[in-house]
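Trainee: I would be grateful for a close look at one helix pair in this model. Please describe its geometry and its contacts.

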Amino acid sequence: LPRSGDEDPDPAGVPPAPGTGPASLRARSVSAWFGSHQVLDRVSLDMPARRVTALIGPSGCGKSTFLRILNRMHELIASASLAGEVLLDGEDIYDRGRRITHARRQIGMVFQKPNPFPAMSIYDNVVSGLRLNGRRAGRGEKDALVEECLTKSGLWKEVRDRLRQPGGALSGGQQQRLCIARSLAVRPRVLLMDEPCSALDPTSTRRIEETIAELSEEVTIVIVTHNMQQAQRVSQLCAFFLAEQGTPGVIVEHGPTTAMFRSPRDSRTADYVQGRF
Ligand code: ADP
Ligand code: MG
C-alpha cells in the first residue's frame, strides 16, 4: 500500500520511500529518433497505478525504445533524441532542471537478459540499488531491506542461507528474481520490464508472473512481452505497437487486455494477437 512521506520510518530502519507508492505514468505524444531515423511517432499511453500494462508488437516497432524513454534510459545512447512528455503522477520527468536520478529512483527497469553483478554477492547485489537513493544505510537497515526485497521477488527462501555467494552462481530464473529484488531496493513507484521472461524456462517464467501479480499492488508495472498468453495472464491493459514498412512505430490500439484479445478493433491487432504475423 502507498506510504505517506510523513510516516515514521519503518521500525526495521529501512530507508524511506523516495515516492509514495505506485504512480501513474502517462506518455504524451512521444516521438523518438536515432540520428535522423525516426522510430516512434506521437505515441500516447496512460499507464495507471496498480495496473499491469503490457506492450506487445513485432520486433523492431520501438517497444524497448519506448520503455527506455519512460525512465530516461535512452539518454545513454548518444544519437537518441525525443519529443513529447512523460508524466509521472502528472510531473514531466523531462522538465528542465529535473535531475535524471529523480526519474531513475522512481522508475526501475528489468531487462530481458538477467544482469546481476555476477561476482558480487547476492546480498550486495540487492543493496547496490541503494546507491541511487543517495544515502548510506546501516547494517541493520540493509539486512532488513535485503530480506524484504528478496521476499517480494520470491527468492528469499531459496537464498537466505547463501547470501554471500556470488549472484552469478544462481540459475537464470533466480538471477532474474535477484534483478527484480535489486530494482525494488530503492522502492520504485514504477517498474519497467523488457521481456523479463524471454530468456527463462517455463517454470521460472511462471514464478516471475506470480511475482508480477503480487508486486502490482505496490508498484505500477509496464511489461514488454512477445508471449500473447503471458500478456493475457499478467496484464489488465495492453497496447499494440506496430511499425509498418519504413514508418516509425505507433500504437495501433490500446485498452483492456481482455477486450483487445477477445474483440480487437483493428484488423492488424487481430492478426497479431492470433499469431498471423
Ligand atoms: P523493439 O523493442 O520493439 O524490438 P526497438 O525499440 O529495440 O524495438 O527498436 C526500434 C527501432 O530502433 C529499430 O529499427 C532499431 O533498429 C532501432 N534502434 C534501437 N536501438 C538503437 C540504437 N541504439 N541505435 C540506433 N537504432 C536503434
Ligand atoms: Mg525490444
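Mentor: Helix α6 (residues 172–184) and helix α7 (residues 202–215) pack at an angle of about 20°, and their axes are 9 Å apart. Helices are DSSP runs of H or I with at least four residues, numbered from the N terminus. Axes are lines fitted to C-alpha atoms, for helices over the stretch in contact, and angles run from 0 to 180 degrees between N-to-C directions. The two helices, α6 and α7, are therefore roughly parallel to each other, a term for angles under 35 degrees. The crossing of α6 past α7 is right-handed, that is, the near helix is turned clockwise from the far one by less than a right angle.

This is a predicted model, in which local features need pLDDT of at least 70, side-chain atom pairs count only at pLDDT 80 or more, and totals for chains, interfaces and linings use all residues. Residues are numbered from 1 along each chain as its sequence is written, while chains are lettered from A and ligands numbered from 1 in the order in which they are written.

On the α6 side, the contact is formed by Gly172, Gly173, Gln176, Arg177 and Ile180, which meet Ser204, Arg207, Ile208 and Thr211 of α7; contact requires C-beta atoms, placed from the backbone, within 7 Å. By class, this contact of α6 with α7 has five polar, two nonpolar and two charged residues. Ala, Val, Leu, Ile, Met, Phe, Trp, Tyr, Cys and Pro count as nonpolar, Asp, Glu, Lys and Arg as charged, and the others, Gly among them, as polar. The chain as a whole has 10 helices.

Notes. Angles under 35 degrees count as roughly parallel, over 145 as roughly antiparallel, 65 to 115 as roughly perpendicular and the rest as oblique. Two residues are in contact if their C-beta atoms, placed from the backbone, lie within 7 Å.
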